Amino acid sequence: MDDIKETILNLLTDLHPDIDFEQETNLIDSKILDSFDIVSLIADINDELDVAISADKIIPENFNSLDSLAKLVKELSDED
Amino acid sequence: MLFTSYNFIAFLSAVIILYWLIPRKARWVLLLVADMVFYYFSKTTALPVNLIYLVSTIVSTYIFTNLITRNANKEKAYLKANKESLDKETKKKYKEQQKAVRRRLLIGSIVVNIGMLAVVKYTNFTISNINSIMGVLGSAHRLTFVDIAVPMGISYYIFQTVGYSIDCYRGKTEAQKNIFKLALFASFFPQLVQGPISRYDDLAPALFESKEFDFKYISYGLQRILWGFFKKLVIADRLLTAVTTIIKDTETYNGLFVVLGMLFYAIELYCDFTGGIDITIGAAEALGIPLKENFIRPYFSKTLKEFWNRWHITMGTWFTDYIFYPLSVSKFMLNLNRSSRKHLGDKIGKRVPVYTATIIVWFATGIWHGASWNFIVWGLGNCLVLLISQELEPFYRFFHSKTKVNGTRIWDAVRIIRTMLIVSSLRLFDCYRDVPLTFKMFGSIFTDKAVINKETLMGLGLEPTDYIVVLIGVIIVFVVSLIGRSGSVRDKISTIPYWGKFAIWFGLFLIVLIFGQYGIGYAASQFIYNQF
């Protein structure tokens, strides 16, 4: 697992210790992550990885799984 | 033109018949003409004034969004043409410059439209507050209130067009090049007066590309409208008298009557608002145009958070997508996050930006419902309960891990009743429209001993038959909601034999006809959410 993915996994686990984020692929559609979680997560990612996720990137496809979120963060990180 | 008026039924029937008779390409034009006719006959203020606001919204949104899309296309073309020659840094700088241009255009669009809404809805509220402050400071000078009528549907069409402008800015959609099509999106008549607040991507394709005729559209649409009429005319309008009596006479109707008022208002508001939305969705459905659902059995919610995910959904998601998210992840909030974590520690510090954004959003939600302090306190009250629930999450988790109540029917029922009590208590701010009076009446529940008996119940303006009709009506709504948990009720009814279907729908039609609150000399009441 790369660093970005591992950091995000830790942040997600902090939010919901009872969820297996490596398996779950419906985080938004199953309402596991709510709007509070999403903005907390974005602030944490900004703090830990120095990557800013803008509001237009907050769509289910980007937040439904650990993989999709890690992919988004990696893309944004590469853009910088 | 009220949805429950004969005029609306005649108007809608004519639109539906004409819509399916004329060529498909011309149908969107018919809808636009229908919008204008509906708007003309529904005018709440002088027509030119009403139209000025609507036209200003359409024209300004059209100009700004087209400039945004043109700039985005120009950026793409430039980057494509110079793909090889530009280095990464130059590309990034160019993109940032162009994005800043689009941001300025978006801000222009928002300032014009939200500014218009603010002037119309909040000028007198601002003046009233300034006058109060001057009074406190000992000044005898008072500002004069201005005579501004709130144009019909302004909150809804401005929210819809502002959402569309932001979607254009975010590149989610391209600006509509035909101003008349944009006008149709902004003013689609079924949803003009009380929502739901649609997104351009969802609604536009169905508006502009009409479908092949299918009788199911008409039958399902009419069934949904009939269901809306049932909730509005048989239940909501019947309870209106009792609710108004309880609210207006606070000296007589205190104590347990406040609780009764909360219960009646919960039923009235639900049947009024969801009934109106049923008529809206049904009218659009009869034209083959699907609209987003605005309610999913909200009174079955186990928490306030869940309630707000099921009640007035399109408004809630609008506030989340277009205010809460942009605000929470803005540079300012991210910086606030860093500095608050530094000074207050991780645990408390990380809450500061999220909670700040939440408070702002609920303040906005409150003031959107009405330009008065009772609505602001109502919004902030909801916010307070949500934030407390958020903080208590670990406690709930601990409690559920130590007990076996979670997931049991009895515990679910307790949670549903608790949520209902919270929602209804907060709604007292909406009922009494006065903050100190609301607290006083809420307190009276525990101190005053008003007696509820047959005589006092009759004093609320309802006959015994009215109570029976309301009770049976509520049971029907409850049963339908229960059935609806496992899928569309209309789909289920459509599978039963013909005589059964006929009995259900004709029976409902007769119920509305016989028990609906109308008749000679009776003016059906306005929908509650039309005022917002």
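Me: How much area do chain B and chain A bury between them?
Reply: In this predicted model, chain B and chain A bury about 2,000 Å² between them, and 57% of that is on carbon and sulfur atoms.

Me: OK, charges next. How many salt bridges across the interface of chain B and chain A?
Reply: Six salt bridges turn up across the interface of chain B and chain A. One of them can be checked by eye: A:D44 pairs with B:K350, and the closest N and O atoms are 3.6 Å apart.

Me: Why does A:D44 with B:K350 count as a salt bridge?
Reply: Because the cut-off is a Lys or Arg side-chain nitrogen within 4 Å of a carboxyl oxygen of Asp or Glu, and the closest N and O atoms of A:D44 and B:K350 are 3.6 Å apart.

Me: How many residue pairs are in polar contact between chain B and chain A?
Reply: Seven residue pairs between chain B and chain A are in polar contact, with both residues at pLDDT 80 or more.

Me: Switching to domains. How is chain B divided?
Reply: Into domain 1 (6-212) and domain 2, which is written in two pieces, 214-291 + 453-532. The C-alpha centres of domain 1 and domain 2 of chain B lie 32 Å apart.

Me: How much do domain 1 and domain 2 of chain B bury between them?
Reply: About 1,900 Å², with 67% of it on carbon and sulfur atoms. In residues, 26 from domain 1 of chain B are in contact with 23 from domain 2 of chain B.

Me: How many salt bridges between domain 1 and domain 2 of chain B?
Reply: Zero salt bridges between domain 1 and domain 2 of chain B. The interface of domain 1 and domain 2 of chain B does have six residue pairs in polar contact, both residues at pLDDT 80 or more.

Me: Which helix gives the most to the domain 1 side?
Reply: Helices α1 (6-21), α5 (154-169) and α7 (200-208) of chain B each supply at least two residues of the side of domain 1 that touches domain 2. Of the elements on that side, α1(B) gives the most, with eight residues. By class, the side of domain 1 of chain B that touches domain 2 has 18 nonpolar, five polar and three charged residues.

Me: What about α6 of chain B, how many of its residues are buried?
Reply: Helix α6 (residues 179-187) of chain B is mostly covered, with seven of its nine residues buried.

Me: What's going on at the start of α6(B)?
Reply: A side-chain oxygen of B:N178 comes to within 2.9 Å of the backbone nitrogen of B:F180.

Me: Which residues have a positive phi without being glycine?
Reply: A:K31 is one of them, with phi near 60°, and B:R297 is another, at about 40°.

Me: Where do A:K31 and B:R297 sit?
Reply: A:K31 is in the loop between α1 (3-15) and α2 (35-49) of chain A. B:R297 is in the loop between α9 (256-286) and α10 (304-310) of chain B.

Me: Is A:K31 buried or exposed?
Reply: A:K31 is exposed, with a relative accessible area of 62%. B:R297 counts as partly exposed, at 23% relative accessibility.

Definitions and conventions:
Residues numbered from 1 in each chain as written. Chains lettered and ligands numbered in written order. Predicted model: local features only at pLDDT ≥ 70, side-chain atom pairs only at ≥ 80, totals over all residues. Heavy atoms only, no water. Buried area = accessible area lost by both parts, 1.4 Å probe. Polar contact = N/O pair within 3.5 Å; in protein donor to acceptor, adjacent residues only side chain to side chain. Domains from an automatic or database assignment. Contact = heavy atoms within 4.5 Å. Helix = DSSP H or I, 4+ residues; strand = E, 2+ residues; numbered from the N terminus. Nonpolar A, V, L, I, M, F, W, Y, C, P; charged D, E, K, R; others polar. Buried < 20%, exposed > 50% of the residue type's maximum accessible area, 1.4 Å probe, protein only.
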